[in-house]
Amino acid sequence: MFSIVQENISTSPASTKGPVKYGELIVLGCNGSLPSGDKGRRKSRFSLCRRNKANGVKPSTIHTSCTPQAAKAVNNKEQHSISYTLSRSQTVVVEYTHDSNTDMFQIGRSTESPIDFVVTDTVPGGQTHADSQTVQSTISRFACRIICQRNPPYSARIYAAGFDSSKNIFLGEKAAKWRMHDGQMDGLTTNGVLVMHPHKGFSQDSKPGLWREMSVCGNVFTLRETRSAQQRGKMVDSESNELVDGSLIDLCGATLLWRTAEGLAHTPTVKHLEALRQELNAGRPQCPVGFNTLAFPSLRRKDVLDEKQPWAYLRCGHVHGYHGWGGRREPEVEAECQERECPMCRARGPYVPLWLGCEAAFYVDAEPPTHAFVPCGHVCSEKTAVYWSQILLPHGTHAFHAACPFCILPLGEESGCVRLIFQSPLD
């Protein structure tokens, strides 16, 4: 179901299990694949694997004025460099040199060749603006880069901004930038790259951490007042730009989940989710009104309403089949309606079809799907639902809200998830 093809990867000499995988990036709001389908470098998840030849870079020479050497570094398409424009008359150019110990992966909206993982704006409800030219994206064309150590423990570090086709990064006059105590330059991108490292990794015991902003040089800062404010936050020396299992990366328009190779090894697989679906259906849950047997459709038909589709009243969690009790007519119309009264307990609330969460990387455990997010109706394990309900994701220029990881719809203010109540068959 998922494509993890990656060019230019190498196999560990001590292993016959295939390429060394550093980790994977998964786009929140994509329930197993992009709505329009995964195509080339534009897909819902991307594997970072060790390359045949190292392509990492590290800072070397600093040119503090518009010297011929600085101009040569910028114009040389074989030379990586970062230019910090301080004024019309002064630009600091930092040359970067090859690093044989690291691999570099770049993420952004651009489809140019330096970008390894093309990311477009994610729209709540499982849609994207991927093919729309009318919506102006807030994701940078060259948003960020991840540098991975080629040898154990294969640490991955994130930096704001990526190198363009000329191997340059330009921070113009309006970009937030500064000179540090040691004489090195640093800066922030226009809309910033925000990262949240969870406490206790990505597991049943995980707790959300604080959102921080990553600089071009990988330093950690508290958030600016608004997303693109000129004034940077305070540097947080005690924290690192090293990604951990479950780290979230927000690019102002799309949020990515980082899963380490080790973390993924302990995560349920799509086959496991399919087995849980079949086990749930084998219990023959029944509609308490129509007495018909309910069944979750296969993961391949995750977006198609089925006549046996379970529906639920999300205020109380009672699961039914689709029925017109209470005065409504068509399922498609029903899905748009805000409230219905549950015939079991008379609680009023959203009445929606239930969909299994198909993206296994979002699960913090391998327990059965017992809870649904409110108001979208995506179903997963209890601890997975509780964990994501606690995470406030960046939204717009300065807002945060909890959202379903499978469709990125904002969660209900009163309760982000509900325990589902299935009725067993009467026979």
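A salt bridge is taken here as a side-chain nitrogen of Lys or Arg within 4 Å of a carboxyl oxygen of Asp or Glu. In the predicted model, the side chains of Asp245 and Arg259 meet this criterion, with an N to O distance of 2.7 Å. Asp245 lies in the loop between strand 17 and strand 18, whereas Arg259 belongs to strand 19 (residues 255-260), so the pair ties together parts of the chain that are 14 residues apart in sequence. Because buried means under 20% relative accessible area, Asp245 counts as buried at 13%, and Arg259, with a relative accessible area of 1%, is buried as well. Salt bridges that share partners also join Lys21, Glu24, Arg45 and Glu359 into one network.

The structure holds 15 salt bridges in total, and two further examples link separate segments of the chain. Arg157 forms a salt bridge with Glu242, the closest N and O atoms being 3.4 Å apart. As Arg157 lies in strand 11 and Glu242 in the loop between strand 17 and strand 18 (248-250), this pair ties together parts that are 85 residues apart in sequence. Arg157 is partly exposed, with a relative accessible area of 31%, and for Glu242 the value is likewise 31%, which places this residue in the partly exposed class.

Glu78 and Lys167 form another salt bridge, in which the closest N and O atoms are 3.8 Å apart. Glu78 is exposed at a relative accessible area of 64%, while Lys167, at 24%, is partly exposed.

At one end of the order, strand 16 (residues 211-214) and strand 17 pair in the antiparallel sense over two bridges, and the bridge partner of Glu213 in strand 17 is Phe221.

A separate description applies to three strands that form an open sheet in the order 21-20-24, again with antiparallel pairing. Strand 21 (319-320) and strand 24 (351-353) are the edge strands, each pairing on one side only. Two bridges join strand 20 (residues 311-313) to strand 21 in antiparallel fashion, and Ala312 has Val319 as its bridge partner in strand 21.

Conventions:
Residues are numbered from 1 along each chain as its sequence is written. This is a predicted model: local features need pLDDT of at least 70, side-chain atom pairs count only at pLDDT 80 or more; totals for chains, interfaces and linings use all residues. Side-chain values use heavy atoms; hydrogens and water are left out. Two strands pair if DSSP finds at least two bridges between them. Helices (H or I, at least four residues) and strands (E, at least two) are DSSP runs, numbered from the N terminus. Buried means under 20% relative accessible area, exposed over 50%, partly exposed in between (1.4 Å probe, protein chains only).
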